[in-house]
Amino acid sequence: MTPIKIKFVDFWPGFNEKDNFFINTLSRYYKLELSDSPDILFFSCYGKKNLHYNCHKIMYLAENQRPDFRITDFAISFDYLDDPRHLRLPLYVMYFDEKYTVEQLLERKTEETIDRIIKEKTGFCCFVVSNPKASTRIDFFHQLSKYKKVDSGGSVLNNIGGKIGSKLQFVKQYKFTIAFENSSYSGYTTEKVLEPLQENSIPIYWGNPDIGFEMNTKSFVNYHDYGSFDKLIERVVEIDSNEDLYRQMLREPLFHNHRPNEYFDENRLTVFFEKIVQSTQDVPVSKTFSFKLIKSQMLLKGLSKKFVP
């Protein structure tokens with residue numbers, strides 16, 4: 001089998017091109033070779049090195065941005081986009097692959113397990129944030145704090161005497177976790193909702209208004225089911241005050257009918273990649289006249305943006 005030469009550029013700091021979701025999944029089906037002269041380039045939105053490659057390209061977006069087919073042949077993102085050049089692959093799928101197991105969230109809790117979880121919850125609600133610009137969740141933090149103290153363990157609004165070490169160990173102590181995305185957009189769902197559930201802390205979620213299509217909103221408190229902070233807080237207070245309601249939420253799985261949603265099917269990625277491999281005989285976008293114009297404009301004004309998770 002002839003190796004397919006690939007490369008990764010413009011990903012977030014700490015991204016490992018030798019050990020990541022894409023290379024680990026695709027290597028089970030293809031012979032891949034990391035190369036500085038790739039046949040296929042994977043790139044993201046944290047730089048502009050991609051503009052200097054003239055091969056076929058796949059743009060991967062973990063941020064709330066839209067794919068730009070002026071500079072890429074294919075794209076993988078959060079978007080519910082009906083386009084053969086695009087694959088919807090939410091970031092949370094990668095978190096399960098690299099940090100967690102789906103089985104943990106599908107496991108049915110016994111009453112004994114729920115009793116143990118309740119005993120572990122020594123705090124009301126926590127907040128772990130490093131992005132000071134995400135104003136919606138900061139506003140919600142202040143409003144919910146009028147009911148009971150919300151412990152903030154991140155760099156933003158820290159009120160526990162310093163930043164925490166392990167986020168998951170911190171979250172584990174609390175009945176609720178404020179799990180707001182950086183911004184709200186249809187399809188934009190990150191790890192925010194699943195991390196608390198790993199530690200049996202009920203997420204208070206805001207972000208993807210259509211999250212109910214792919215996750216069971218009975219397992220968390222979903223802003224988009226209520227439409228206002230006042231109603232959302234009323235629901236949190238109700239659950240906090242009623243152990244039966246709290247126990248019922250702990251019984252609920254993250255996914256409908258105790259089954260992972262379609263985005264966990266790795267065949268979706270392999271079929272999409274096969275399409276890309278077959279297209280490498282076509283002229284890539286990066287060799288077109290229009291791309292050269294866009295490239296010059298982007299290099300002049302600067303393409304990269306800094307994102308804070």
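1. A cluster of rings, linked pair by pair, takes in Phe 8, Phe 11, Trp 12, Phe 15, Phe 21, Phe 22, Tyr 30, Phe 42, Tyr 46, Tyr 60 and Phe 273. Rings of Phe, Tyr and Trp (for Trp, its six-membered ring) are taken to pair if their centres lie within 6.5 Å, and planes under 30 degrees apart count as stacked, over 60 as edge-to-face and the rest as tilted.

2. On the basis of the work, this is a predicted model, in which local features need pLDDT of at least 70 and side-chain atom pairs count only at pLDDT 80 or more, whereas totals for chains, interfaces and linings use all residues. Residues are numbered from 1 along each chain as its sequence is written, and side-chain values use heavy atoms, with hydrogens and water left out.

3. The structure holds 29 aromatic pairs. In one of them, Phe 140 and Phe 180, the ring centres are 4.9 Å apart and the planes stand at 25 degrees, so the pair is stacked. Because Phe 140 belongs to helix H5 (residues 135-144) and Phe 180 to strand E9, this pair ties together parts that are 40 residues apart in sequence. Helices (H or I, at least four residues) and strands (E, at least two) are DSSP runs, numbered from the N terminus.

4. Phe 140 also pairs with Phe 229, with ring centres 5.1 Å apart and planes at 70 degrees, so this pair is edge-to-face. It links distant parts of the chain, since Phe 140 is in helix H5 and Phe 229 in helix H8, 89 residues apart. Phe 140 is buried at a relative accessible area of 0%, Phe 180 is buried at 1%, and Phe 229 is buried at 16%; buried means under 20% relative accessible area, exposed over 50% and partly exposed in between, with a 1.4 Å probe and protein chains only.

5. Strand E7 (residues 123-127) runs parallel to E8 and is joined to E8 by three bridges, and Cys 126 stands opposite Asp 151 in E8.

6. Two arginines deserve a look: the charged end of Arg 66 sits over the ring of Tyr 185, 3.8 Å from its centre, and that of Arg 85 sits over the ring of Phe 69, 3.9 Å from its centre. A charge sits over a ring if NZ of Lys or CZ of Arg is within 6 Å of the ring centre and within 35 degrees of the ring normal.

Definitions and conventions. Two strands pair if DSSP finds at least two bridges between them.
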